[in-house]
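Subject: Structure handover

Hello,

Here is the structure to look through. My notes follow it.

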Amino acid sequence: MIKRIAALLLCVFMSLSVCACTQRVVTTTSESFTTTDVEESSNMDQTTTSLTVNSSDTTSEEVINTSTSKISSTPSKEPVSSEKTPDFPEQIKADVPKTFNGFYGDPGIIVSSVANLWSSDYVNCTILSATDLDMKIKMCANKGIFFWINMAYICEAGIDPTTKQMKIQPNWRENMQKVADTVKQHGAWNYFLGWYMDEPLLNKFTPENVYMFTEYNHFMFGKRYFICFAVEGIAPECYSEGIIPKSMSKETTKYLTDCAYDMYWDFDKWEDKYKKINSLMKSRVPDNCKIWYIPWAYGDMDSATNTEKPNMKKMAENEERYIKHLNGMYNFLKQEQNPGGMFTFIFRGKDLNFYGIEEMVQQGYWTNYFDLVKKYGKELVENK
């Protein structure tokens, strides 16, 4: 299960300019999921300042409660701004690779003593959080690194204590527009692959919420949308703890372009289960959806305390176990008709209370594993 820091913050409200477009309203109830075409005037923010957030601005009255019966995927009607749409610089030209390789917790923003991935020949993409984007986008564009931007800071507003569901920031559309404008201001639109969400159903979004976000992106930005699902959210027949009441379907993934799932089990023992999950996931996403795989590279359970605290010695002894998982994920990817890439989890683990590749290699462990990661990464970057 991919862990991440769930800091939930709000972005500064911005002036708006108008553009007309056809959107779809998503109407949801506990029993049904329907869509209807409507014509709306979309009032989107076109300012160019980088995204800033302040969690203290959020109150329970200001956020969208996902337990309500209707969720609209059309922009809210706001007064039209008199400001002109800003002039963006010419966008840097870039040919989007056919396959990608990256790391969760990549060291691009913080210098790593283990590897400078930003100057490597085995990394060509990363995932950015929607904070301090000016610096991050500049680095990506300068190094030729393609990037996804995580939706967490853009749309999350904390769990509703009554419904136990994720509340949605009321200005999530404006936040997306502000991020998009920041990317354009740096000329990096062609390096911006699209938006990313991590285990949204496990994080208490509904399938209808996912549909709403992906549909909005499709019509407003035309970028890709990548989700890494918890297995229970996409293939509950294979693994379920009863946490997710409703999993994804062909209907709710209509506008999804890239997908993966994360499961870190011994590959040689559970290969058949992995294959079944692959099949079920692909049956519930669009036929042209790009498929990604997530190799296992993080702290194992500490057998001495039976907790999630990683045991570096145990991890070092079980290097072959991780290599088998890596090989399995890579071989799956090579068999895909529409491959997306690999995102190994994780490079720098200490910020998430894990040990990752960086921590292991610093102690002289996992050299064989890391050499193989680099080999496969180079093949993907070169699309061999």
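Accessible areas come from the Shrake-Rupley method with a 1.4 Å probe, and for residues only the protein chains shown count as cover. On that basis the chain exposes about 16600 Å². Carbon and sulfur atoms supply 49% of that area.

Some ground rules. This is a predicted model, in which local features need pLDDT of at least 70 and side-chain atom pairs count only at pLDDT 80 or more, while totals for chains, interfaces and linings use all residues. Residues are numbered from 1 along each chain as its sequence is written, and side-chain values use heavy atoms, with hydrogens and water left out.

The overall picture

The chain has 10 helices and 15 strands. Both are DSSP runs, numbered from the N terminus: helices are H or I with at least four residues, strands are E with at least two. Of the 384 residues, 55% are buried. Buried means under 20% relative accessible area, exposed means over 50%, and partly exposed is in between (1.4 Å probe, protein chains only). Contact means heavy atoms within 4.5 Å. Among contacts between residues at least 6 apart in sequence, 76% join residues at least 24 apart.

Helix α4

Helix α4 covers residues 207–220. Its 14 residues should span 20 Å at 1.5 Å a residue, and its end C-alpha atoms are 20 Å apart, which agrees. The expected span is 1.5 Å times one less than the number of residues. In α4, 12 of the 14 residues are buried, so the helix is largely enclosed by the rest of the structure. Among them are P207, Y211, F213 and M220. Just after α4, G222 takes a positive phi of about 65°.

Two helix pairs

Axes are lines fitted to C-alpha atoms, for helices over the stretch in contact, and angles run from 0 to 180 degrees between N-to-C directions. Under 35 degrees counts as roughly parallel, over 145 as roughly antiparallel, 65 to 115 as roughly perpendicular, and the rest as oblique.

- α1 (residues 133–143) and α3 (residues 172–185) pack at about 45°, with axes 10 Å apart. They are therefore oblique to each other. L133, D134 and I137 in α1 meet V179, T182 and V183 in α3.
- α8 (residues 319–335) and α10 (residues 367–381) pack at about 10°, with axes 9 Å apart. That makes α8 roughly parallel to α10. The α8 side of this contact includes Y322, L326 and Y330, and the α10 side includes Y369, L372 and Y376.

Strand β15

P339 lies in β15, which covers residues 339–344. P339 and W292 are 47 residues apart in sequence, but 6.5 Å apart in space, C-alpha to C-alpha. Beyond four places in sequence, P339 is in contact with K98, T99, K290, I291 and L333. T344 is also in β15. At 0% relative accessibility, T344 counts as buried.

Backbone points to check

Most residues other than glycine have a negative phi, and most peptide bonds are trans.

- The peptide bond from F345 to I346 is cis, with omega near 20°. I346 sits in the loop between β15 and α9.
- W366 has a positive phi near 60°. W366 is in the loop between α9 and α10, and is buried at 2% relative accessible area.
- N383 has a positive phi of about 55°. N383 lies in the segment after α10, and is partly exposed at 38%.

Best wishes
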